[in-house]
Amino acid sequence: MTVDPDLIALMNDILRTEVDDPWPRLVDLGLARLTAPEAVGGSGAGWPEASALITAAATAGVAIPYVEHDLLAGWLLRRAHLPSSDARRTACIINDDGVATGVGWAAESERIVALRTVDHGWAVADLPRSEVDVTAGWNRAGEPRDRVHVHAGASAWNRVPDDTGEMFRLRGALARAAATVGALDTILQLSLDHTSARTQFGRPLSRFQAVQHTVADMAAETALARSATEAALTEAVRNDWAGSTAFRIAVARSCVGHAASVVVRGGHQVHGAMGTTAEHRLHRFSRPALAWRNEFGSVASWDRAVADAAVAAGSSGLWDLITS
């Protein structure tokens with residue numbers, strides 16, 4: 001799927017020049033609500049453009065609350081027929097006690113969109129941050145992942161379609177896959193640059209066979225992760241998240257999760273001791289890659305989903321499952 005090159009250039013320019021806090025600029029240009037319809041103040045774009053923004057931010061090593069604000073919270077509001085705005089939002093699924101953990105950017109949000117089960121279905125509430133108890137937390141990359149406790153009464157909740165819970169997980173999972181691929185791309189590029197420029201025993205590191213094998217493995221895993229993620233994105237857009245979208249996302253998340261292990265390990269190996277220092281850029285990509293691969297489902301859970309789909313297809317349907 002093709003995204004307007006001028007839009008990609010604009011995204012990259014903002015993320016490159018507004019490194020400390022690009023969010024206000026993204027809001028001003030309508031990119032913070034990229035997929036919201038124009039009728040409600042959004043840009044009316046789709047998942048290809050959203051994926052481009054997610055990947056660009058990850059490739060640049062810039063943390064933004066875009067996924068939570070637009071792809072999750074904004075989408076939930078539309079499903080619940082609730083009004084939206086530029087107020088910074090995050091979204092989460094709360095349990096029966098009204099608690100959710102690992103919620104992105106909750107402490108920094110103006111409103112929190114909560115999703116919970118009700119009467120064998122799902123309901124959404126759009127709550128001011130002041131009415132939600134938030135305990136700050138972080139993932140291994142240092143990004144905000146907070147604990148929230150919602151006390152909203154029955155009148156605050158609006159019913160949404162029965163597939164909303166599963167769709168929420170799939171949307172978050174695909175977004176994190178795209179982000180991880182962006183981080184892996186940068187780790188690979190940093191490793192290629194380093195092994196070409198760094199010399200040992202009178203020749204570049206890239207001339208050593210062991211280093212060549214390591215970098216080749218990194219490149220292969222990154223390419224596989226990218227291909228699987230693009231296939232899942234294509235399926236989601238083409239079939240409006242129906243068809244084999246759930247299976248394609250499971251495959252993508254499995255491939256991305258295992259690729260992250262190979263690429264992060266290889267990147268730190270070829271960089272040597274300098275790659276472990278806080279001053280070096282490498283950790284700005286390796287730590288997020290390891291954190292994101294276990295958000296919206298662990299690697300093991302996505303491996304099981306792929307295996308379960310293969311077993312369910314049986315010997316007669318496995319080939320069609322793989323090639324369709």
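Is Phe-296 buried, partly exposed or exposed, and what is its relative accessible area? In this predicted model, Phe-296 is partly exposed, with a relative accessible area of 22%, and a residue counts as buried under 20% and as exposed over 50%, so this value falls in between. The residue sits in the loop that joins helix H8 (283–292) to helix H9 (299–323).

**Two residues with positive phi**

Most residues other than glycine have a negative phi. Phe-296, however, has a phi near 60°, which is positive although the residue is not glycine, and Asp-240, also a residue other than glycine, has a positive phi near 50°. The place of Asp-240 is the loop between helix H6 (209–238) and helix H7 (245–271), and this residue is exposed, its relative accessible area being 62%.

| Residue | Phi | Relative accessible area |
|---|---|---|
| Asp-240 | near 50° | 62% |
| Phe-296 | near 60° | 22% |

Helix H6, which Asp-240 follows just after its end, is built from 30 residues and reaches 43 Å from its first C-alpha to its last, a span close to the 44 Å expected at 1.5 Å a residue. Several residues of H6 are buried, among them Val-211, Val-215, Met-218 and Leu-233, and the buried set also includes Thr-214, Thr-222, Thr-229 and Glu-235. The buried residues of this helix pack against helix H3 (47–60), helix H5 (164–197) and H7.

Methods
Residues are numbered from 1 along each chain as its sequence is written. This is a predicted model: local features need pLDDT of at least 70, side-chain atom pairs count only at pLDDT 80 or more; totals for chains, interfaces and linings use all residues. Side-chain values use heavy atoms; hydrogens and water are left out. Helices (H or I, at least four residues) and strands (E, at least two) are DSSP runs, numbered from the N terminus. Buried means under 20% relative accessible area, exposed over 50%, partly exposed in between (1.4 Å probe, protein chains only). The expected span of a helix is 1.5 Å times one less than its number of residues. Contact means heavy atoms within 4.5 Å.
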